[in-house]
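Welcome to this guided tour! Open your viewer, get your selection tool ready, and follow along stop by stop.

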Amino acid sequence: MIVLSLFPLFLLVALSSLTYATSDYHESLTLQPLPQSSLLASFNFRSNASQESFDERNFRHFPRALGQILQHAHTKELHLRFTTGRWDAESWGSRPWYGVKEGNTGVELWAWIDGADDQECVQSSSDPCSLDAYADEDKRAFAKWITLTQSLSGLFCASLNFIDSTRTTRPVASFSLAGDHPASSNLHLLHGTLPGEVVCTENLTPFLKLLPCKGKAGVASLLDGHKLFDASWQSMSVDVRPVCSGPDDCLVQIEQTVDIVLDLDRSKRPRDNPIPRPVPNDQLACDTSKPYHSDDTCYPLEKTSEGGWSLSEIFGRTVSGVCPLGDSQSSEETICLRVPHERGVAVSEGAVETRKPDGFTRCYTLQPSGAFDLVMPEQEATTHVPLDEPVLRAERTIVGHGVERGGMRIIFDNPSDTDAVDFMYFETLPWFLRPYVHTLQATITGRDGIRRQVPTSQLIKETFYRPAIDRERGTQLELALSVPAASTVTLTYDFEKAILRYTEYPPDANRGFNVAPAVIKLGGHENPIYMRTTSLLLPLPTPDFSMPYNVIILTSTVIALAFGSIFNLLVRRFVSAEEAAALTSQTLKGRLAGKVVAIRDRIKGKSAKVE
Amino acid sequence: MSPYFGLLRALPFLLTLFASLASSEHTSNWAVLVSTSRFWFNYRHLANVLSLYRTVKRLGIPDSQIILMLPDDMACNPRNVFPGTVYSNADRAVDLYGDNIEVDYRGYEVTVENFIRLLTDRLDEDVPRSKRLGSDAGSNVLVYMTGHGGDQFLKFQDSEEIGAWDLADAFGQMWEKKRYHELLFMIDTCQANTMYTHFYSPNIIATGSSELDQSSYSHHADNDVGVAVIDRWTYYVLEFLETQVTSANSKLTLGDLFDSYDETKIHSQPGVRWDLFPGAEQEGRLRTVVDFFGNVQNIEVENTTATDPGSLKEDLIEIARLVEKWRARDREYLVSQNDSSLRAGNDNSGLQVSLSPHSARKNFEPAKMSQEAPWEKRLVGASVLGICAAVWLTGSILGRSSV
């Protein structure tokens, strides 16, 4: 399909995973400089526990806190992702781990949950339980799912408990089991995302605590929240799956990864003074050939050399030894670097370098104890590690204007000139965004730039659709799409925005509402490639939140006015000023004069007033 | 005669001394630290809470016994030039976020409902331990709140508010449910002292930053952070805690803490309420600061031979019984699982039977949409319409003829 130059690396990882499958703990770090002075650091930690010891709650390297949650929630396979930032595929190429270890912006969770009933039903295998309708099983799986999200929210300090029925979906074709499960097991896939969730140090802390060495030794000692959350893009993942080599020979495997793209210049700033200051005049690299070059004008010279960096500079720490828990740690190549072989690299004493035949990879075996640092001096760049092109580019935006309606536009671009791309497109929409599926339209733009409207059936092979129910569940749309070679496909559909109830608005309603990114799955079940679009912000019609108070104040005023005047009319007598004076005066003459005035008024017919 | 008389006179004093010693015993410490403000310009409220979090952690309360509520994210906020960091002082000496922090309630979870549910433990059974206040009749609880408030209310996230009565009732219920032994309530907000006026449950000491109609002010701003970083009252409380209470063995009392309030520095009149505490101010002042901020663990020894309900022996027997029960269940479960896997492996028909419920699945899972011939549908629609029209016509004709 496309030359995957990163492939050898991942083959290497896959091979090492096979060789070390017997070992209980394995960790590795791969560093790869990317264009625009970025650095991709991929951390990988893997622990195994035998299925028997896991079932007996006998945990060694497998984190007990997570193991107990999984057992309690009957979860057979778990995938949890914390991601921030945007992967810049234009300049960084395709994603690490083929996007398999990546998640939506925010938090994404999917799990396969055993919907089978608890022991009571297994015991009495005769009827009511074994014959139960699928609905019951589904309900049970959902209840376990809620238990799982609640427990994980406590473990990972994230608001995972907000994954309720409105955010839960059951994808049909976009996700497949990564582990080996017994054929008889009746597993339910549930998927939920929180696109607006913040990922910060409090999520990293429990993540590191799951590791056997707790981030105190080994490559995990590099992970520092201050650098990690300053990255251009970062993704943390936790995957738990059973791996079976035989019918009775099963392992429960937990794999944790952290992938970060660090901006080298930004990471090198000292932590106590991170604000960039202007470069002093005498340190500026100016193009002196420009005619306007002078003391106060400078045309910046493009750097031809690659900037130098070291681990201690960009992570603020050095690797402190090797996590001593792995059995074969002493002979393991823990840290790999992807730079051309001619690039000079200095490492701490004691580390053994191995160069791989691909010409771009070198790996280091670390000393069991003692700090490890890696220094890349500044050097003129002659060759670069080739980055592989992404197989597909996808972009998803909300179009339209006004607060009542809008539209979604998804653009798929196939860069290949020869091959069509087939993939699954999966999106979940919140219930307050109501799509009109009949407005789904497709246009194809070839390399010649001519747009052609085509019937959607020409591109969409299959459609799985579950409409939303207000306040109960969101829309789920899965499309099997095919984009022809050298063309760009644009899908559009219209939607309507619902009006929420007053109490349903979050405290920062005017910020907009997050719409989860779409997930794109390419390839088959064996080697899938995943991509995710960016998350969207949907502005909804928001009321003026002081309105209830205005209404209360206005209503009170109206009531007070009405009540006051009616009360006045009922209890007061209205008389003219002369009458009042006469009535209040106590003398006989005055009273008489008053009477006279009253009689005169009556004769003249002016007695309309209430007396 | 006279020595006896002296002893008699001293007896009540000794008795009260013993009584006070006995009542000051607590077996655990809990802290509930709440910031109630969202948005970047309220950075100082989160810094207030995080400073307190650092202090109670320094004095020994573990993360599992601290409930931290942060309604917004300041550390990883894009506006923060110091990523992953929160400072409460312009000298930026202490990074409050650090490397090891556990936030129990964050973002939209910080609501009045969740706060009251937390205090009164009216939570769903699925809610994990880290999000529960597991205090009991032997726990000293520190409740610290900060945000924007007014006369007898405190705003939560600019969208709702908790009233002084709500808070008083929540504490009242805590007392009835034996969820605290002694409670120290601290609040830093405008007109803070009005928030504790309605408390009625015993054993509460309350202190606030400002009187009715007084504002609580921020202490200073950091020019690089760009906003105020701490409030005045919290700043001076922390100054006392950080400089005077240097270890968990500190003998400084709450009296010392409250005497350290300096109105000229705080720019408002802090208040203290003692009357709910047994022995009022006199006794309350003697409580040490670490009774609430530290983790002093006095162990309650029970008579192990006793068999009355609630005794240790009875509990142990019950636990042993539970363990036995679960083990038996596990064994049965494993056996049944093996059976079912064997069955599935033996014949394919069994597999098909187990798969048959999948057909019922369709009403839950997304339906697969298929292309339909529109003419059929149109025909059906037209015929239905035609039938309706015919019925209407016959109806109208019959109706006319009958008249």
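Stop 1: Select β13(A) and strand β17 (residues 374-376) of chain A, which pair in the antiparallel sense over two bridges. Two strands count as paired if DSSP finds at least two bridges between them. The strands and helices on this tour are DSSP runs, numbered from the N terminus: helices are H or I with at least four residues, and strands are E with at least two. Look for A:Ala346, which stands opposite A:Val375 in β17(A). Now widen the selection to the open sheet of three strands, in the order β10-β17-β13 (chain A), with antiparallel pairing. At its edges stand β10 (309-310) and β13 (346-347) of chain A, each with a single partner strand, so one side of each has no neighbour in the sheet.

Before moving on, a word about what you are viewing. This is a predicted model, where local features need pLDDT of at least 70, side-chain atom pairs count only at pLDDT 80 or more, and totals for chains, interfaces and linings use all residues. Residues are numbered from 1 along each chain as its sequence is written, while chains are lettered from A and ligands numbered from 1 in the order in which they are written.

**Stop 2: the domains of chain A.** Colour domain 1 (25-117 + 133-271 + 285-380) and domain 2 (393-545) of chain A separately; such bounds come from an automatic or database domain assignment. Their centres, taken over C-alpha atoms, are 28 Å apart. Where they meet, 21 residues of domain 1 of chain A are in contact with 28 residues of domain 2 of chain A. Contact means that the C-beta atoms of two residues, placed from the backbone, lie within 7 Å.

**Stop 3: an annotated helix.** Select residues 549-571 of chain A, listed by UniProt as "transmembrane region" in an unreviewed entry. The span is 100% helix and 0% strand, and its end C-alpha atoms lie 32 Å apart.

**Stop 4: where the chains meet.** Show both chains: 49 residues of chain B are in contact with 44 residues of chain A. On the chain B side, α10(B) gives the largest share, seven residues. Next, highlight strand β24 (residues 460-466) of chain A together with β13(B), which pair in the antiparallel sense over three bridges. The bridge partner of A:Tyr465 in β13(B) is B:Ala367.

**Stop 5: an enclosed strand in chain B.** Are the residues of strand β9 (residues 204-208) of chain B buried or exposed? Five of the five are buried, so the strand is largely enclosed by the rest of the structure. A residue is buried if 20 or more other C-beta atoms lie within 10 Å of its own, exposed if 12 or fewer, and partly exposed in between, with C-beta atoms placed from the backbone. B:Ile204, B:Ala206 and B:Gly208 are on one side of β9(B), with B:Ile205 and B:Thr207 on the other.

**Stop 6: a one-faced helix.** Finish at helix α3 (residues 112-120) of chain B, where B:Val112, B:Phe115, B:Leu118 and B:Leu119 are buried. Seen down the axis of α3(B), the buried residues fall within an arc of 130°, so they line one face of the helix; the arc is that of the directions from the helix axis to the C-beta atoms. Just after α3(B), find B:Asp121, which takes a positive phi of about 60°.

Technical notes: UniProt positions renumbered as here; feature names shortened; annotations may be inferred.
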